[in-house]
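User: I would like to learn how to read the secondary-structure packing and the chain contacts in a model. Could we go through it feature by feature?

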Amino acid sequence: MTEALMHIIYKKDLCIDLRAAQLIVQDRMMLQNAREMPVLCDIREVRRVNKPARDYLALEGSQWITALAFLIDPPVTDVISSIYLGTHALTIPTRSFTKKSEALAFLKKHG
Amino acid sequence: MPNTDDFRVKRIQKMLLEMAKGNFFYSLEPSDKNDNIASLVVMLNMVNEEIAAAFIHQGFANAHNTPQCIIQLSLILDAKGQIELVTNGTCSLLSCMPKDLIGKPITELMTENSQRTWSKKMTKHLKRDRSETVLFLEFITNDGLFLAKDCQISVYQALDGSGQKIVLNSVFFSKGEPFETGLPKNKLKVTKGIKEHKVTLTPEDIQMIREVHDTILNNLDKDLPSLKDLALHMGTNEYKLKYGFKQIYGTTIFRFLTQERLRKSKTLIQHSNLSLKEIAHMNGFKSAAHFSRAFRDKYGKTPTDLRR
């Protein structure tokens, strides 16, 4: 984390369930300490996010985020982010990128 | 062999077949590969979860005329975890014959993750005479599909003195036969009371109500306009909005608003230092007292209790 940006990297072959999602959100919120900021989410190594986790991340887990960029590696994480974005009403600017530089540019513009 | 494309495609076909039959409780094992087939597997699992959620909800919202078919997973095991009895439902869920299951250790049907959970938790529970717990277990069917669910586990003493036994139970909802036969009607009826159909929702109405749903979600911190104004704004009438929303989402607009506000508040109570008053206001509650009452109604304890 820097002053202006939260960078979350998910570990290899990670399957995220509700418990994991809650821990991720807890850690993020503790680090942020009520400061709103843009978030870069590197999900390239993620292989599964189940529905309770997706629902939690979309509502409870979206607080204090001004803009969200997913860093993806098609095709698997492309599909994960597309379904997540397509099935949840998100309040903040959110997009997926394969290039980190583009993701950062997006966050800079919207964050 | 399990990693050849041919093998993986066959698994996908099996999964699709189950979905076509209305069985949304299976899933496919995620692979660590990052190729097109892996992306299809991931997509299928996620789409399956979305359909399952909508499908169970439909049963809930419209229980009067959509009977559900229930399949029970039910096994009796000895204290070592060997299967002594299985129900027919269990066999069909796991696509096995009873003779394939009886005498086998239950762990042979589980993923490695679940095997670990099982041995860790059951050692503890088997120390007592009687014990009950719920474990999230993943089984692998004979066809290689995953079956993941919370299972109710009870440990008891057999009356004939043969020692401890374990009962494992879980229930799955399936579309199955009991649904209305014939062509599906493309219009959804809104029921007020038990049977009386009063409003017919067109696909446009359903789309409009979904928009209302999403708008509420995206404006949880703001005051909700009156239903009359909201209906006017959406180009519909109050009646259709009110009962249509209830029909589609199984709850009233105001209850939904409060529920979603409470979900966000709970996270803030747990993971921030903001005062309860600030949290109440940030999430659109008029007063801390109202917030506290609504919170207790949903979670069984007040925000102050949760903070402690």
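Analyst: We begin with a definition: two residues are in contact if their C-beta atoms, placed from the backbone, lie within 7 Å. Helices (H or I, at least four residues) and strands (E, at least two) are DSSP runs, numbered from the N terminus. Axes are lines fitted to C-alpha atoms, for helices over the stretch in contact, and angles run from 0 to 180 degrees between N-to-C directions. With these terms, helix α4 (residues 100-110) of chain A lies across β3 (37-42), β5 and β6 of chain A, and runs at about 170° to β5(A).

Analyst: The model is predicted, so that local features need pLDDT of at least 70 and side-chain atom pairs count only at pLDDT 80 or more, whereas totals for chains, interfaces and linings use all residues. Residues are numbered from 1 along each chain as its sequence is written, while chains are lettered from A and ligands numbered from 1 in the order in which they are written.

User: How is the sheet read, and which strands of chain A are at its edges?

Analyst: Strands of a sheet pair through backbone hydrogen bonds, either parallel or antiparallel. Here two strands pair if DSSP finds at least two bridges between them. In chain A, an open sheet of four strands has the order β1-β3-β5-β6, with parallel pairing; its edge strands are β1 (6-9) and β6 (94-97), each of which pairs on one side only. Strand β5 (residues 65-71) of chain A pairs with β6(A) over four bridges in the parallel sense, and A:Leu71 stands opposite A:Phe97 in β6(A).

User: At what angle do α9 and α11 of chain B cross?

Analyst: Two packed helices are described by the angle between their axes and the distance between the axes. The axes of α9 (residues 253-271) and α11 (residues 288-299) of chain B come within 10 Å and cross at roughly 90°. α9(B) and α11(B) are therefore roughly perpendicular to each other, given that angles under 35 degrees count as roughly parallel, over 145 as roughly antiparallel, 65 to 115 as roughly perpendicular and the rest as oblique. Among the residues that meet are B:Leu262 in α9(B) and B:Phe295 in α11(B).

User: How many residues of chain A are in contact with chain B?

Analyst: There are 24 residues of chain A in contact with 26 residues of chain B. On the side of chain A that touches chain B, α1 (18-32), β4 (46-49) and α3 (76-87) each supply at least two residues, and α3(A) gives the largest share, six residues.
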